[in-house]
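Biologist: Please take a close look at one part of this model, the ligand and its surroundings. Then carry on to whatever else in the chain deserves a note.

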Amino acid sequence: MDIIHVQGSGPLRGEIQIQGSKNAVLPILAAAVLIEGTCCLKNCPHISDVNCMCRLLESMGCSTYWDEDGLKVDTSTLKESRLPKELVTSMRSSIILLGPLLARCKEASLDYPGGCVIGDRPIDMHLHLLKEMGAVFTIQNEHIAGLAEQLTGTTIRLPFPSVGTTENGILASVMAKGRTTLLNCALEPEVQQLCHFLNAAGAKIEGVGTDCLRIEGVEKLYPVTYMIEADRIVAGTYIFSAVATMGRIGILNTPVKELDSVLEVVKQMGCRLSLEGKHLEVWQKERPKAVSLVQTQVYPGFPTDLQSVLMTTLAVSDGESQIEENIFSNRFKIAGELVRMGAEIRIEGRRARIKGKEKLYAMSLLAEDLRGGAALVLAGICAQGNSLIGNCHYIERGYEDICRDYRFLGAAVEKIVRS
Ligand code: EPU
């Protein structure tokens, strides 16, 4: 098992470039299934979830390769609509292949998806939406077999603005017969990027960026070259890292608009921000102040994917704070590890009460999910002494090289490869 070695360090200082967005590129790779020919994704992050999605596409007969322009995906040789269990169960995003497979192959066969264990992650909304469009499913022992002779447009209101369900709805609709209206859609920037990619390929999606998408089915989509935007969650991770360590860092390509709710919180913590174009300077002069309550919400609210790094930051802040997690049912897993490091955190249902401590102590820690893993690396940087973080493969699902990034910012963080 590979581990990350972290030496407690002082304030972070330096400049950093943010990788392309994981949660944008995964549905865009699924969208490539609908496009015969070769698409090129520029600024695609080199992360294990992208590798896993590429292996899923290859298992369907597509080819994927990297060159100097980015990631190329050629789906003209796609012939297989059954997805291998070991890949599907290792990543939640495999479920967003269901819509495109039904659209292109008229059938799909896959197991229930896996992914980070951060609470119940049912797929009822995905299946309901696709059924409304004419798909029929047989489910046995967590295996899904779907058939759709002709996906047909209709009006569907999502019971909750789920990101993945909205994406599956878009992917199933762009080549469906007639017009689909999706109501109560997710507004996340990654959903918007999927729409921009598809519209560039010839789709007709209106209402992008609103909770009502109107999609007119088209006969054919065409290969495109598309630039993936910077990852707002990775950017947010380093913003909180500057705050927690009382550092001063520059982010060269900040997706500023997408970080509104995050920047509001760090300002409350006493952080100074200055922006020139996309260059954001983040400067925390004193120990961060506690915040009374931060609630995770769907976009444009505070993102659940930054809740763990926020928790680490509050664990070293001055005063008492509360976090309310409203998206996933079990996403406070790092609290136990932080408490072992000396943090004072009490979990009461959806709420975490955090009393900031001046010091955390180094420990051997175990990552249990992607974002929690990154938050433990930050905790190690804030702590006194040398920490070890196991299960770092979780972190590699979404961060190209967290050790490299933190080293750019002056911290001593290193991966130790164990054979
Ligand atoms: N939900 C259902 N039924 C469904 C689908 C979702 O009950 O059929 C529930 C989920 O259980 C959850 C809530 O709805 O409680 C929100 O889930 P959503 O579908 O919005 O999330 P997702 O599409 O599975 C994406 C991101 C997550 C991010 C969430 C919320 C990708 C690949 N994943 O997941 O990212 O936390 O949206 O913003 O886009 C991460 O990057 O670490 C990560 C987990």
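Modeller: The ligand sits in the largest pocket. A pocket here is an open set of points on a 1 Å grid over the protein atoms alone, where a 1.4 Å probe fits and protein lies on both sides within 12 Å along at least five of seven lines. A molecule sits in a pocket if more than half of its atoms lie within 2 Å of its grid points. The model is predicted: local features need pLDDT of at least 70, side-chain atom pairs count only at pLDDT 80 or more, and totals for chains, interfaces and linings use all residues. Residues are numbered from 1 along each chain as its sequence is written, and side-chain values use heavy atoms, with hydrogens and water left out.

Start with the shell. There are 24 residues around the ligand, each with a heavy atom within 4 Å of it. Those that come nearest are D124, S162, D305, I327 and R371. By class, the shell has nine nonpolar, seven polar and eight charged residues. Nonpolar covers Ala, Val, Leu, Ile, Met, Phe, Trp, Tyr, Cys and Pro; charged covers Asp, Glu, Lys and Arg; the others, Gly among them, are polar.

Several helices contribute. Helix 1 (22-32), helix 5 (124-132), helix 6 (163-173) and helix 12 (370-382) each supply at least two residues of the shell. Helices (H or I, at least four residues) and strands (E, at least two) are DSSP runs, numbered from the N terminus.

Now the polar contacts, meaning pairs of N or O atoms within 3.5 Å; within protein, one must be able to donate a hydrogen and the other to accept it, and residues adjacent in sequence count only if both atoms are side-chain atoms. A ligand oxygen is 2.6 Å from a polar backbone atom of I327. At V163, a polar backbone atom is 2.8 Å from an oxygen of the ligand. N23 uses its side chain: an N or O atom there is 3.1 Å from a ligand oxygen. On its own, the ligand has 830 Å² of accessible area, and the protein covers 88% of that. Accessible areas come from the Shrake-Rupley method with a 1.4 Å probe; for residues, only the protein chains shown count as cover.

Next, the loops. T254 is in the loop between strand 14 (248-251) and helix 9 (260-268). T254 counts as buried because its relative accessibility is 1%; buried means under 20% relative accessible area, exposed over 50%, and partly exposed in between (1.4 Å probe, protein chains only). A polar atom of the T254 side chain lies 2.8 Å from the backbone oxygen of K278.

N43 has a positive phi, near 60°, and is not a glycine. It lies in the loop between strand 3 (38-42) and helix 2 (48-59), and is partly exposed at 34% relative accessibility. N184 also has a positive phi, about 60°. Its loop runs between strand 10 (179-183) and helix 7 (189-200). N184 is partly exposed too, at 22%.

Then a cis peptide bond. It joins Y299 and P300, with omega about 10°. P300 is in the loop between strand 17 (294-295) and helix 10 (307-315). Helix 10 itself is mostly covered: nine of its nine residues are buried. Among them are Q307, M311 and A315.

Last, M133. It is found in the loop between helix 5 and strand 7 (136-140), and is buried at 1% relative accessibility.

Conventions: On a 1 Å grid over the protein atoms alone, a cavity is a set of points where a 1.4 Å probe fits but cannot get out, and a pocket is an open set with protein on both sides within 12 Å along at least five of seven lines; lining residues have an atom within 4 Å of a point.
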